[in-house]
Amino acid sequence: MPELDAKKREKLPDSAFAFPKERKMPLNDASHVRNAAARFNQVEGVSGADRAEPKRSLERAARKFGDELSQPPD
């Protein structure tokens, strides 16, 4: 996975995260998208209703980077 240090992460816009309010799960490249999809159900502090838009963001990011998710995030 390409390195995303704290300085680079701070520079990312909120829209580059699956959970922009919490700035969780950056979706800045294919590797991070796959990682976010694999760990989507492990995110704490976010209700089920608040997961719909992040799920769509993750799916859009996967298409953007030409990555096909083996299964949609839960």
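Modeller: Buried means under 20% relative accessible area, exposed means over 50%, and partly exposed lies in between, with a 1.4 Å probe and protein chains only. This is a predicted model, in which local features need pLDDT of at least 70 and side-chain atom pairs count only at pLDDT 80 or more, while totals for chains, interfaces and linings use all residues. Residues are numbered from 1 along each chain as its sequence is written, and side-chain values use heavy atoms, with hydrogens and water left out.

Colleague: Is Arg56 buried or exposed, or in between?

Modeller: Arg56 counts as partly exposed, because its relative accessibility is 42%.

Colleague: Which side chain does Arg56 meet in a salt bridge?

Modeller: Its partner is Glu53, at 2.8 Å from N to O. A salt bridge here is a side-chain nitrogen of Lys or Arg within 4 Å of a carboxyl oxygen of Asp or Glu. Both residues lie in helix H3, three residues apart, about one turn of the helix. In general, an α-helix has 3.6 residues a turn, so residues three or four places apart point the same way.

Colleague: What else meets Glu53 in a salt bridge?

Modeller: The side chain of Arg60 does, at 3.0 Å from N to O. Glu53 is partly exposed at 38% relative accessible area, and Arg60 is partly exposed at 40% relative accessibility.

Colleague: How many residues does H3 have?

Modeller: Helix H3 covers residues 52-64, which is 13 residues, and reaches 19 Å from its first C-alpha to its last, close to the 18 Å expected at 1.5 Å a residue. The expected span is 1.5 Å times one less than the number of residues. Helices (H or I, at least four residues) and strands (E, at least two) are DSSP runs, numbered from the N terminus.

Colleague: Which residues of H3 are buried?

Modeller: They are Pro54, Ser57, Leu58, Ala61 and Ala62. Seen down the axis of H3, the buried residues fall within an arc of 135°, so they line one face of the helix. That arc is taken from the directions from the helix axis to the C-beta atoms. Their cover includes strand S1 (17-19) and helix H2 (30-39), where contact means heavy atoms within 4.5 Å.

Colleague: Turning to Asp67, with which residue does it form a salt bridge?

Modeller: Asp67 pairs with Arg34, the closest N and O atoms being 3.1 Å apart. The pair links distant parts of the chain, with Asp67 in the segment after H3 and Arg34 in helix H2, 33 residues apart. Asp67 counts as buried at 17% relative accessibility, whereas Arg34 counts as partly exposed at 45%.
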